[in-house]
Amino acid sequence: MSHLLELRTRLLRSVAAVVVLMAALMPFSNRLYSVLAQPLMQRLPEGASMIATGVAAPFLAPFKFAMMLAVYLAMPFVFYQVWAFVAPGLYQRERTLALPMLISSVLLFYLGMAFAYFLVFPIIFGFFASAAPVGVLVMTDVSSYLDFALTLFLAFGVAFEVPVVVVLLVLLGFVDIAALRKGRPYVIVGAFVIGMVLTPPDMFSQTLLAVPICLLFEAGLLVASLLGRRAARRDAASAVE
């Protein structure tokens with residue numbers, strides 16, 4: 001019963017953090033949406049603009065973005081609540097491994113979102129705007145743009161977790177580094193398949209997601225190799241003692 005009560009407390013704190021952040025962001029929802037739309041607005045042809053086809057879209061789109069932004073910003077606090085709940089039941093070695101992985105996961109997720117906003121969005125929207133046929137005026141709906149942007153944020157945020165997954169798989173003994181290195185061709189194919197599934201159906205979005213996945217996979221292999229060597233040296237020193 002005490003564990004259930006603590007779990008309820010952690011959940012309530014997490015929900016409260018999201019609600020507080022959402023209440024703080026709501027007065028600035030229109031301004032925040034303008035920042036989100038800036039990569040598209042800067043690349044629209046002269047005379048083009050965003051439109052709202054739904055009656056409530058001018059209100060609902062900024063509101064939805066403020067709500068999702070509150071969830072993303074509250075992630076460190078939510079993960080801390082998860083950590084505080086499970087940490088007492090972990091061994092010291094598991095705590096030493098879990099905390100850096102938790103912090104790295106949050107930072108990599110934010111890095112993936114930043115990569116999508118600052119690098120991917122300008123390339124994709126610039127291509128889409130220039131690829132429009134002659135006589136077609138590009139005018140994107142605010143709700144459609146928001147769904148597109150949130151999909152890319154989630155896709156790149158999750159994709160940037162690849163190093164954490166690789167390190168955990170190696171350190172927990174599910175697979176060794178040699179097997180992962182031999183599986184590079186499959187990882188490359190899988191990265192493009194993931195890019196095709198998680199991103200909009202165009203070659204540029206798929207490639208811009210698949211390439212970072214491959215590079216992050218190599219980064220995960222490097223970190224796992226370094227940690228494995230350190231653990232081997234520590235075990236050897238313990239055996240000598």
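How many aromatic pairs does a search of the whole structure find? In this predicted model, the search returns 11 aromatic pairs.

The protein chain contains 10 helices and zero strands. Read from the N terminus, its elements run α-α-α-α-α-α-α-α-α-α. Along the principal axes, the C-alpha atoms of the protein chain occupy a box of roughly 80 × 50 × 25 Å. The chain has 241 residues, of which 36% count as buried. Among contacts in the protein chain with a separation of 6 or more, 82% are between residues 24 or more positions apart.

A pair of aromatic rings is described by two quantities, the distance of the centres and the angle of the planes. Phe121 and Phe125 form a tilted aromatic pair, with 5.3 Å from centre to centre and 55 degrees between the planes. Both residues lie in helix H5 (residues 92–130), and because they are four residues apart there, about one helical turn separates Phe121 from Phe125. Phe121 and Phe125 are both buried. Phe125 also pairs with Tyr145: the ring centres are 5.5 Å apart and the planes stand at 45 degrees, so this pair, too, is tilted. The pair of Phe125 and Tyr145 links distant parts of the chain, since Phe125 belongs to helix H5 and Tyr145 to helix H6, 20 residues apart. Phe125 has a relative accessibility of 4% and therefore counts as buried. Tyr145, at 2% relative accessibility, is likewise classed as buried; the cut-off for this class is under 20%. Phe121, Phe125 and Tyr145 are members of one aromatic cluster, which also includes Tyr33, Tyr117, Phe118, Phe148 and Phe153.

The axes of H5 and H6 come within 8 Å and cross at roughly 135 degrees. H5 is therefore oblique to H6, as the class of roughly antiparallel requires an angle over 145 degrees. The crossing of H5 and H6 is right-handed. On the H5 side, the contact is made by Leu108, Phe109, Gly112, Met113, Phe115, Ala116, Tyr117, Val120, Phe121, Ile124, Phe125 and Phe128. On the H6 side, the residues are Tyr145, Phe148, Ala149, Leu152, Phe153, Leu154, Phe156, Gly157 and Val158. By class, the contact of H5 with H6 comprises 19 nonpolar residues, two polar and no charged.

Helix H6 (residues 142–159) also meets helix H3 (residues 57–73), and the axes of these two helices come within 9 Å and cross at roughly 15 degrees. H3 and H6 are therefore roughly parallel to each other, and their crossing is left-handed. H3 contributes Ala57, Ala61, Lys64, Phe65, Met68 and Tyr72 to the contact, and H6 contributes Val142, Ser143, Leu146, Asp147, Leu150 and Leu154. The contact of H3 with H6 is made up of nine nonpolar residues, one polar and two charged. Leu154 of H6 takes part in the contact with H3 and in the contact with H5.

Met75 lies in helix H4 (residues 75–86) and counts as buried because its relative accessibility is 13%. Not counting residues up to four places away in sequence, Met75 touches Phe109 and Tyr110. Phe109 is also one of the H5 residues in the contact with H6. Met75 and Ala17 are separated by 58 residues in sequence, and their C-alpha atoms are 9.4 Å apart in space.

In helix H7 (residues 162–171), the buried residues are Val162, Pro163, Val164, Val166, Val167 and Val170. Gly173, which follows H7, has a positive phi near 85 degrees.

Ser225 is placed in helix H10 (residues 203–240). With a relative accessibility of 10%, Ser225 counts as buried. Ser225 is in contact with Ile177 and Arg181, leaving aside its neighbours within four places in sequence.

Key. Residues numbered from 1 in each chain as written. Predicted model: local features only at pLDDT ≥ 70, side-chain atom pairs only at ≥ 80, totals over all residues. Heavy atoms only, no water. Axes fitted to C-alpha atoms, helices over the stretch in contact; angles between N-to-C directions. Parallel < 35°, antiparallel > 145°, perpendicular 65-115°, else oblique. Left-handed = near helix turned anticlockwise from the far one by under 90°. Contact = heavy atoms within 4.5 Å. Nonpolar A, V, L, I, M, F, W, Y, C, P; charged D, E, K, R; others polar. Phe/Tyr/Trp six-rings, centres within 6.5 Å; stacked < 30°, edge-to-face > 60°. Buried < 20%, exposed > 50% of the residue type's maximum accessible area, 1.4 Å probe, protein only.
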